[in-house]
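Here is a short briefing on aromatic ring contacts. Take a look at the model before reading on.

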Amino acid sequence: MVRKAQRSSARQQQCTTTSSEVFVMAYEPRRGDSSSSTGTVAFTAKLNISDSYPKHCGVLKFATLLVNEGGGYSPDTGVFTCPMDGFYHFTVHVSVYGRGQCGIHKNGEKVVSLYHTTLPDKCSQVASMSSVIKLSKYDEVCVQLWGPDRNDIFATEDNDTVFAGVRLG
């Protein structure tokens, strides 16, 4: 007799033995795995408040995941690893109080960038950039900062800084 297994929050995988027993094993998607049964790949991640006003150059980590269908975005590294070939649309919205400089990078190369400043009169504003990028499986996309101590990018309870991506078609 085969029993239906209930799905947990993680995707599950069924394995059968030589007998008629069915075992259910939890499957945790790894960065770059496509865990979506529909082929949908989409993510939205927010900057943590504690990561506001970064002092470093390099990858900006958006550690709070809202959606990660397809499992491609890693909040630990801030990098999206493409799980399947296609065209992807990426968007970045940064809250800036002063100056913000960053770019969307594919495999270490800048695709698009932004520079936003409200200096000398500091005020809070939002700067955005987006791009459609053709990706192959395992290509990596991230938001890179440049200019140490020159980024007034922030997040608060009322102001979000967001990185989002979705596979088109």
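Which residues form one aromatic cluster? They are Phe43, Phe62, Tyr73, Phe80, Tyr88, Phe90 and Phe163. The model is predicted. The structure holds 11 aromatic pairs. Two of these are set out below, and Phe90 takes part in the pair with Phe43 and in the pair with Phe80.

**Phe43 and Phe90**
- The ring centres of Phe43 and Phe90 are 6.2 Å apart.
- Their planes meet at 50°, so this pair is tilted; edge-to-face would need an angle over 60 degrees.
- Phe43 sits in strand 3 (residues 42-46) and Phe90 in strand 8 (residues 86-97).
- The pair therefore ties together parts that are 47 residues apart in sequence.

**Phe80 and Phe90**
- The ring centres of Phe80 and Phe90 are 5.6 Å apart.
- Their planes stand at 65°, so this pair is edge-to-face.
- Phe80 belongs to strand 7 (residues 79-81), and Phe90 to strand 8.
- This pair links distant parts of the chain, with its two residues 10 apart.

- Phe43 has 2% relative accessibility, so Phe43 counts as buried.
- Phe90 counts as buried because its relative accessibility is 0%.
- Phe80 is buried too, with a relative accessible area of 1%.
- The cut-off behind these calls is under 20% relative accessible area.

Technical notes:
Residues numbered from 1 in each chain as written. Predicted model: local features only at pLDDT ≥ 70, side-chain atom pairs only at ≥ 80, totals over all residues. Heavy atoms only, no water. Phe/Tyr/Trp six-rings, centres within 6.5 Å; stacked < 30°, edge-to-face > 60°. Helix = DSSP H or I, 4+ residues; strand = E, 2+ residues; numbered from the N terminus. Buried < 20%, exposed > 50% of the residue type's maximum accessible area, 1.4 Å probe, protein only.
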